[in-house]
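Please open your viewer and get ready to select residues by number. We will take the tour one stop at a time.

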Amino acid sequence: MALSYAPDRSRAALEALFALDTALGNILRTTREPLVGQMRLAWWREALQGLDASGAPAEPVLQSLAEAVLPLGITGRALSEMVEAWEPLLGDFPAQSIDGHARLRGRALFATAGRAVDAAPGDPVEDAGEGWALADLAANLSDPALASRARERAATLLAHVRRSRWSRNGRALGALALIAERQLSGPIPPTFVLRLARFRLTGR
């Protein structure tokens, strides 16, 4: 629903970018051995960098990126930097890896998505991305202390983001931040759709 707030011309690019994020996250969800995970991430890094020179192989996410994202002037090498966010989470990781992951994942993803939708310079896309990534991480961490730390940091960032007025082009990303903030409090009630509808109209 939130991605539908993006301009029509940008929707395919947004869907491709978030599909890439999902594909990278699935490596952690489906890999138990850190070495295997590193190998799979290395494949994605090389495949993304290869988009600049040799085009996309027969892989749906890569093909979508080549068709919808690269024509916007976003390179495969730039996209490959998103891989770095996931490596610290392979196996055991220290608490400081939480902040590093959120910066490398959320800020990079939302900054690139902001370019894709032509968000306004005043839209807090990077803070929104970091808060969104922290909220998602908090929901998936098994360590209560680490989850609490991620949740508190997410709440601070997303509360700051909520006080901004988003441009029309950036509202898809702002809506994702609103959803992430609401999820910190538990399951989202059906009435929250009214809050999103107001945000779509007003930008705040």
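**Before you start**

This is a predicted model, in which local features need pLDDT of at least 70, side-chain atom pairs count only at pLDDT 80 or more, and totals for chains, interfaces and linings use all residues. Residues are numbered from 1 along each chain as its sequence is written, and side-chain values use heavy atoms, with hydrogens and water left out.

**Stop 1: the core**

Select Leu20, Leu24, Trp44, Leu65, Leu79 and Leu173. These residues have the most contacts inside the largest nonpolar core, which has 67 residues. A nonpolar core here is a set of buried Ala, Val, Leu, Ile, Met, Phe, Trp, Tyr and Cys residues joined through side-chain atoms within 4.5 Å. Buried means under 20% relative accessible area, exposed means over 50%, and partly exposed is in between (1.4 Å probe, protein chains only). In soluble globular proteins, nonpolar side chains tend to be buried together.

Now colour by helix. Helices are DSSP runs (H or I, at least four residues), numbered from the N terminus. Among the helices that each supply at least two residues of this core are α1 (8–30), α2 (34–54), α3 (60–68) and α5 (96–117). Which helix gives the most to this core? The answer is α1, with nine residues.

**Stop 2**

Zoom in on Leu65, in helix α3. Is Leu65 buried or exposed? Leu65 is buried, because its relative accessible area is 0%. Show its contacts next, where contact means heavy atoms within 4.5 Å. Leaving out residues up to four places away in sequence, Leu65 touches Ala16, Leu17, Leu20, Leu48, Leu51, Leu70, Pro71 and Leu79.

**Stop 3**

Select α2, which has 21 residues. From its first C-alpha to its last, α2 reaches 29 Å, close to the 30 Å expected at 1.5 Å a residue. The expected span is 1.5 Å times one less than the number of residues in the helix. The buried residues of α2 are Gly37, Leu41, Trp44, Arg45, Ala47, Leu48, Gly50 and Leu51, and they pack against α1, α3 and α4 (76–80). An α-helix has 3.6 residues a turn, so residues three or four places apart point the same way.

Move on to α5, where 22 residues reach 31 Å, close to the 32 Å expected. Asp118 has a positive phi of about 60° although it is not a glycine. You will find Asp118 in the loop between α5 and α6.

Then pick α7 (144–162). Its 19 residues reach 26 Å, close to the 27 Å expected. Leu146, Ala147, Ala150, Ala154, Leu157, Leu158, Ala159 and Val161 are the buried residues of α7, and they pack against α5, α6 and α8.

**Stop 4: the cavity**

Rolling a probe the size of a water molecule over the atoms shows where empty space is left. On a 1 Å grid over the protein atoms alone, a cavity is a set of points where a 1.4 Å probe fits but cannot get out, while a pocket is an open set with protein on both sides within 12 Å along at least five of seven lines; lining residues have an atom within 4 Å of a point. Grid points are joined across faces, edges and corners, and a volume is the space filled by probe spheres set on the points.

The structure holds one cavity of 30 Å³ or more, and the largest cavity has about 70 Å³ of space. Select some of its lining residues, including Leu158, Trp166, Glu181, Phe199 and Arg204. The largest share of this lining, four residues, comes from α8.

**Stop 5**

Finish at the second largest pocket, with a volume of about 240 Å³. Of its 13 lining residues, the closest to its centre are Trp132, Ala135, Asp136, Ala180 and Gln183. Two or more lining residues come from each of α6 (125–140) and α8 (171–183), and α6 gives the most, with five.
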